[in-house]
Amino acid sequence: MAATLNLSGLTDSDPGLNDQSASSRSSNRSLRIAERDRRKNEAEDPFALALKYFSDVEAGTPVIGNDQFENNLVLVETVAYSKGLPPEGISIMLEFAMSLRMGNSPCVRVLKCLIPATVVPQEAVVRAVVWLCVGKIPISSQVLFIKWVLTVFDLIDAKDQLRAIYGFIFNFVTEENLCPFICHLLYLLTRKESVQIFRVRKLLELQSKLGRQPFLLYLLSLYRVFCPELVTLSIPSRMRSGFRNHNSPWKSALIAVQKKNGSQVSPTISLPFMTNSRKRKHRHLEIPKLCSVVNKPAQTEPSFSRKVVPFMQLNSFTELLENLHRIELPAQMGSLLASSMALHYLDCVQDESALLRLNFWLGYTLHEEFLFNSDGGASQDLDEAQQFLNKLLFTQDFLQEGFSATEAFLYKFLRVWDGSLLRPQILSLLSNIPVVPSLKIGRLLFEPLMQLFFTSSVFFKCGLIECLNNMLSKWLSWHTVYALEDDLDISLNSHTSINMTLSEFKDSVMELVHFVGRLASVGLQLESYHSLLLSFILDFYETVCDTFVKYELPLIVMPPAGVFYPALFATEPVSVDRLAYIMYRYKVNLTSAKLDIKQKMKASHISRQTFYEFNHYKAIMVNCLWNSKMSEPDMGLQLKEELLCKSNIPEYWKSFDLINHPAFMSCAIDFHRKCWPRKRNVDLNSIKLSRPWTWYLQYLYSQGYNGLKQFVSSM
């Protein structure tokens, strides 16, 4: 009976077991077919056979006369330069080259053809570094390998193991030929835990031996950011590029492969390198996308036992705040420009290491694409350049400060700029540079800008004056924000070590104002006192006239005669009205400065010459506009009496009062018609009677000439 039941149970379950067995047999058969096809393809694929050859070749195999070696290497080179090597191909060929199985000659040739199609396996790079430690590789091949690592650094699929052997890599800084490249690699790999006192001492020892080399200073500056107590060395605030743009044999090939593969290349990889051709275009100015240094989920760092969160995994501002001090920066710092959360991170945390790396990336990109680009690119390339610079401008406006790399780039670019290429973006970047010491401002800014100003159109002149006005406004705003309480020193911005005394800051501001005054005086003559140019110049002096009251800077600079008189004798009422407003604000500032001196019982920072110039200009305006006395002995603008008589203008001394002034003549005639509508003859002298004069002034004020109203009320 039991046997019958067991048989019955087995019979009931047979359909399910049979189905599973059939499914298993089908799956195994599919795997066997796939494996057989793979082996068949490998047998038929000459590239796979070539890789197998280099994987299995024995040490000591001769190179000369070895046709099999030559044919296989040519095949690998062809694939590498046409579509790039896959990750396993990179691993095999790098292992073959660095192990020197067939000597140094194949090593150099193989290294030059290591063009990745997608990513570079981290394990392959680590094994190659281990081969470096063996000490058999010639120094020239070692340099070539480190150059290759720097070129493909952003394509390496992870960096955690490389950071784990940081100490091994650091040991190579003692090699003089390798030192610049090793410092560059260490700069990219350095984290806070990497900074140790013995490494700082070693770098300082090298500096005493090699001198203040930029690559050593850059690495030391990064060390000082992480551990300021370990690096007490004084590092220049403005350094030239620490890591040179070496002529890498892989750059153009990488770009060609990336373009040819198109969608086959990982979308998170963006090459930061440009071709060395002199006809290079702006075709690689895209902001890189955020990608993690380690392409893995959030992991725990053993040295700190804390969770590290890649930036690309943050999806909201709340997550940013929760992980603010556990964030892992992206592989390529340029990607921060494209992320609003990354900008918030930079603004809140003020991570000096991130700013250093971002400055380095910006400096490299700007120099490669603009300074070394001779033709400017086609129209579509200029569109990319505009988008790139607009994104950079947005970042600087968001952070409320510029980047030192942008500043250094502009000083060089102004020397070769034609004044038209990307003009709005370049002028906007120029207005963001921090205060320049007065001893350097002439060489860095004034000389190239003066050449551009006097050789360009009136519209460029207007744009440059507007740029310098914005620059002055930002300098003055920085002063009000970052001035210390003792009113002696100011710090230019929160991310720089540059300090400047109040006296030095005043000298820089004064140099800028005097420079614009010279440009304005000559520019107005060159452009026949163009009304648009005069308008931008008056915008500038509206900023200058309020330096004491609005910006709390004890400095007041009057406009030169070449600006004052063209504005006073302008044919547009708006220009005269704005000049009147500027003079009114000068009076308010000078009065406040005088009261401040009396209340605080301290020496005046405003010179007597400034008070004299103001009183002189004010007397001229009152005599011309109010008292009908155009020419006075002390006016500073003298015309011979006989010359004025030859003009045949009756009562020429009244030509520039508020009634007969060319700017207000139409207003006077319109007022006369409204006041005496029945009179056929227009007698403007009738306006000067007591009551009509008061009405006329009210009429002018009703037309919106508030500057004139304020000036008259302050007389």
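Start in the loop between α22 and α23, and select Y529, which sits there. Keep in mind as you click around that this is a predicted model. Y529 isn't a glycine, yet its phi is positive, near 55°. With 46% relative accessibility, Y529 counts as partly exposed.

Now pick S528, found in the loop between α22 and α23 (531-544). Is S528 buried or exposed? S528 is exposed, at a relative accessible area of 59%. This residue isn't a glycine either, but S528 has a positive phi of about 55°.

Next, select residues 438-454 to bring up helix α20. Look at F446: α20 has a kink of about 40° there, shortly before the proline P448. For the length, 17 residues at 1.5 Å a residue should span 24 Å, and the end C-alpha atoms of α20 lie 22 Å apart, which agrees.

Stay on α20 and show side chains. The buried residues are I441, L444, L445, F446, P448, L449, L452 and F453. What do the buried residues of α20 pack against? Colour α18 (404-416), α19 (423-430), α21 (458-482) and α22 (502-526), and you have the partners.

Last stop: select 214-226 for helix α12 and 352-371 for helix α16. Their axes are 8 Å apart and the packing angle is about 155°. An angle over 145 degrees counts as roughly antiparallel, so that is how α12 and α16 run relative to each other. To see the contact, show Y218, S221, L222, V225 and F226 on α12, which meet E352, S353, L356 and F360 on α16. By class, that contact has six nonpolar, two polar and one charged residues.

Key:
Residues are numbered from 1 along each chain as its sequence is written. This is a predicted model: local features need pLDDT of at least 70, side-chain atom pairs count only at pLDDT 80 or more; totals for chains, interfaces and linings use all residues. Side-chain values use heavy atoms; hydrogens and water are left out. Axes are lines fitted to C-alpha atoms, for helices over the stretch in contact, and angles run from 0 to 180 degrees between N-to-C directions. Helices (H or I, at least four residues) and strands (E, at least two) are DSSP runs, numbered from the N terminus. Angles under 35 degrees count as roughly parallel, over 145 as roughly antiparallel, 65 to 115 as roughly perpendicular and the rest as oblique. Contact means heavy atoms within 4.5 Å. Ala, Val, Leu, Ile, Met, Phe, Trp, Tyr, Cys and Pro count as nonpolar, Asp, Glu, Lys and Arg as charged, and the others, Gly among them, as polar. The expected span of a helix is 1.5 Å times one less than its number of residues. The bend at a residue is the angle between axes fitted to the seven residues ending there and the seven starting there. Buried means under 20% relative accessible area, exposed over 50%, partly exposed in between (1.4 Å probe, protein chains only).
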